[in-house]
Amino acid sequence: MDAVSRGLLGLTVACARCHDHKFRSDSTKDYYGLMGVFASTVQAPRPLNEIDPELEKRFMSAAQRMSS
């Protein structure tokens with residue numbers, strides 16, 4: 001989370017894990033809300049070359065079953 005906020009937003013939000021600041025807009029609620037978005041994602045490695053659509057469908061189905 002800290003690496004994403006530094007790289008994309010240009011500011012540090014690691015302190016928002018523990019407390020809110022009086023004059024900053026990043027709150028603890030927002031921090032954990034964004035962490036929830038990251039926690040709910042699933043990494044699905046994809047090959048660089050073209051694959052059969054049926055094989056891809058079976059792969060994605062298996063990946064979803066494994067993440068549940």
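**Nonpolar patch.** I looked up the surface and found a nonpolar patch made of V4, L8, L9, L11, Y32, L34, M35, V37 and F38, with about 810 Å² of accessible area together. Patch members have over 30% relative accessible area and no salt bridge, and nonpolar side chains (Val, Leu, Ile, Met, Phe, Trp, Tyr) are joined within 5 Å. A salt bridge here is a side-chain nitrogen of Lys or Arg within 4 Å of a carboxyl oxygen of Asp or Glu. Areas come from the Shrake-Rupley method with a 1.4 Å probe.

**Basis.** I note that this is a predicted model: local features need pLDDT of at least 70, side-chain atom pairs count only at pLDDT 80 or more, and totals for chains, interfaces and linings use all residues. Residues are numbered from 1 along each chain as its sequence is written, and side-chain values use heavy atoms, without hydrogens and water.

**Helices.** I find that α1 (2-9) and α2 (28-39) each supply at least two residues of the patch, and α2 gives the most, with 5 residues. Helices are DSSP runs (H or I, at least four residues), numbered from the N terminus. M35 sits in α2 and is partly exposed at 31% relative accessibility; buried means under 20%, exposed over 50%, partly exposed in between.

**Rings.** I count 1 aromatic pair. The ring centres of Y31 and Y32 are 5.1 Å apart and the planes stand at 85°, so the pair is edge-to-face (centres within 6.5 Å; planes under 30 degrees apart are stacked, over 60 edge-to-face, the rest tilted). Y31 is buried at 9%, while Y32 is partly exposed at 46%.

**E50.** I place E50 in the loop between α2 and α3 (53-67), exposed at 78% relative accessibility. E50 and A63 are 13 residues apart in sequence and 19 Å apart in space, C-alpha to C-alpha.

Key: Rings of Phe, Tyr and Trp (its six-membered ring) pair if their centres lie within 6.5 Å; planes under 30 degrees apart count as stacked, over 60 as edge-to-face and the rest as tilted. Buried means under 20% relative accessible area, exposed over 50%, partly exposed in between (1.4 Å probe, protein chains only). Patches are made of residues with over 30% relative accessible area and no salt bridge: like charges are joined within 9 Å, nonpolar side chains (Val, Leu, Ile, Met, Phe, Trp, Tyr) within 5 Å.
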